[in-house]
Amino acid sequence: MNFFISASLAFFVLSIYTAHYIVELHKTTKDSAERDFVSKTSLYVSIEEEEDVSYSPLQQDYYRDSCPSAERIIRKALKEIYKARPSIAPSLIRLLFHDCFIEGCDASVLVDADESQTSEKEAPPNLSLKGLDVIAFIKSELENTCPGVVSCADTLALATKEAVSLAGGPKYSLRIGRKDSLVTFKDIAQRELPSPHATLSEILARFASRGFSPQETVSLLGAHSIGITHCTFFQDRLYNFSGTGKPDPELNTGFLQELKSKCPFSASASSPSPCPDTASAPSLPASDYHTNYGLSSENQIDGTIDLSFNNEGGYLNFGSRYYRRLLQNKGVMFSDQQLMASEETETWVRAYASDPLLFQRDFIKSMVKLSSYHVLTGPLGQVRTNCSKVLPLN
């Protein structure tokens, strides 16, 4: 059974470090709310609980004695991989989401099926997950240095943290000490991971059941500003929205034509939207084929769209480009554009579109919360030596 982090640890103090300078204060006028401003450059945020760290189930220096080089090994390995494979960043963000959203951050999504249990990888929303090989490689590097010490759950969380930074997102620190699950949750993954066709109420309900507010949900979806998605996940919006035989009327007309040029009509587009269980949308259907911005050379039938739109606005616009496009009715997937369907979520879309640093601050807090959701600690889990195989019980 997963372990819930005590509500008493939910209050955070933000420590902000900058390589150059700090700007004093920034105000947003939405809801007359004042917000702390964060550093303009080299943002690095360390979030620490107000409580004594000795009472926290996760700790800042958990591997200080048992594997002091753990984070350095992960950082070095991912940096080298990213140079050759930049698409690993959105892939790991998605992989982390699919793990943590289903019964907590316990690396259950990495486990292969065997005679005793099924695998979450077999759930339809997980069939296109990428980055599993990268986590396996990093874990093997850790095992070479510190056998049986660093959990797969920590490996995934820390690798994702580095991936966010490498992709132009903000840097942040994480407490560690997660343990790995002994069981998997295929049925829950199939049922609970939100669909690209989900309505706003469905999306918010799924996140709320895991303790995430509408604001936190909107901030997490800013990760949709990088990665690649396949035409399959939104093609009905272009040709047969809700079985009408017409495009989604909410789509920006010019953007509709742009998408049509990259996602030509196919027989599948003339059918109603696919079953919600076929993909997952607050976690992008991201591909590892990062060099193809139009049609995928691997599969000419199912094209791909670069969600960064050729790194529109540069790396400083990680996240904010996504919200600006929503304001223009240029959300790629239906579930993305749904963030404009209520006054509350639209307020945050507008705030993040106009204030990238506000987004970075809130994205950091939401990513830390996601990465620490429902973790296993102490005797409640194990440390797998191979992330795809549960260790047998003694």
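**A guided reading of the model**

Guide: The protein chain exposes about 16900 Å², and carbon and sulfur atoms supply 53% of that area. The model is a predicted one.

Visitor: How many helices and strands does the protein chain have?

Guide: Helices and strands are assigned here as DSSP runs. For the protein chain, the secondary structure comes to 13 helices and seven strands.

Visitor: What percentage of the residues counts as buried?

Guide: A residue is called buried when its relative accessible area is under 20%. The protein chain has 394 residues, and the part of them that counts as buried is 54%.

Visitor: Among contacts with a separation of 6 or more, what percentage comes from residues 24 or more positions apart?

Guide: A contact requires heavy atoms within 4.5 Å. Of the contacts in the protein chain with a separation of 6 or more, the share from residues 24 or more positions apart is 77%.

Visitor: How many disulfides are there?

Guide: A disulfide needs two cysteine sulfur atoms within 2.5 Å. C67 and C146 meet this rule with sulfur atoms 2.1 Å apart, and C100 and C105 meet it at 2.0 Å. By this rule the count of disulfides is four.

Visitor: In which pattern are the bonded cysteines joined?

Guide: The bonded cysteines are counted along the chain, and each pair of numbers stands for one link. The pattern is 1-4, 2-3, 5-8, 6-7.

Visitor: How many residues apart are C67 and C146?

Guide: The sulfur atoms of C67 and C146 are 2.1 Å apart. The pair links distant parts of the chain: C67 lies in the loop between β4 (44-49) and α1 (70-84), while C146 lies in the loop between α3 (132-145) and α4 (152-166).

Visitor: Are C67 and C146 buried or exposed?

Guide: The cut-off for buried is a relative accessible area under 20%. C67 has 1% relative accessibility, so C67 counts as buried. C146 has 6%, and therefore C146 also counts as buried.

Visitor: Is the disulfide of C100 and C105 left-handed or right-handed?

Guide: Both C100 and C105 are buried. The torsion about their S-S bond is about 120 degrees, so the disulfide of C100 and C105 is right-handed.

Visitor: Is the link of C231 and C263 left-handed or right-handed?

Guide: C231 and C263 form a disulfide with sulfur atoms 2.0 Å apart. The pair links distant parts of the chain, with C231 in the loop between β6 (228-230) and α8 (236-239) and C263 in the loop between α9 (253-262) and β7 (304-306). The angle about the S-S bond is -70 degrees, and the link of C231 and C263 is left-handed.

Visitor: Is A107 buried or exposed?

Guide: Most residues other than glycine have a negative phi. A107 is not a glycine, yet its phi is positive, at about 60 degrees. A107 lies in the loop between α2 (88-100) and α3. Its relative accessibility is 0%, so A107 counts as buried.

Visitor: Is S242 buried or exposed?

Guide: S242 also has a positive phi, of about 50 degrees, although it is not a glycine. S242 is found in the loop between α8 and α9. Exposed means over 50% relative accessible area. At 58%, S242 therefore counts as exposed.

Visitor: Is the aromatic pair of Y323 and Y352 stacked, edge-to-face or tilted?

Guide: The count of aromatic pairs comes to 17. In the pair of Y323 and Y352, the ring centres are 5.3 Å apart and the planes form an angle of 55 degrees. Planes under 30 degrees apart count as stacked and those over 60 as edge-to-face, so the rest are tilted. The pair of Y323 and Y352 is tilted.

Visitor: Which residues do ring pairs link into a cluster with Y323 and Y352?

Guide: Y323 in helix α10 (residues 320-327) and Y352 in helix α12 (residues 343-354) are 29 residues apart. Y323 is buried, with a relative accessible area of 0%, and Y352 counts as buried at 0%. The residues that ring pairs link into a cluster with Y323 and Y352 are F318, Y322, W348, F359 and F363.

Visitor: Which residue has its charged end over the ring of F212?

Guide: A charge may sit over a ring when NZ of Lys or CZ of Arg is within 6 Å of the ring centre. R210, for instance, lies over the face of F101, at 4.0 Å from the ring centre. Over the ring of F212, at 5.0 Å from its centre, sits the charged end of K369.

Terms used:
Residues numbered from 1 in each chain as written. Predicted model: local features only at pLDDT ≥ 70, side-chain atom pairs only at ≥ 80, totals over all residues. Heavy atoms only, no water. Helix = DSSP H or I, 4+ residues; strand = E, 2+ residues; numbered from the N terminus. Buried < 20%, exposed > 50% of the residue type's maximum accessible area, 1.4 Å probe, protein only. Areas by Shrake-Rupley, 256 points an atom, 1.4 Å probe, with all protein chains shown as cover. Phe/Tyr/Trp six-rings, centres within 6.5 Å; stacked < 30°, edge-to-face > 60°. Lys NZ or Arg CZ within 6 Å of the ring centre and 35° of its normal.
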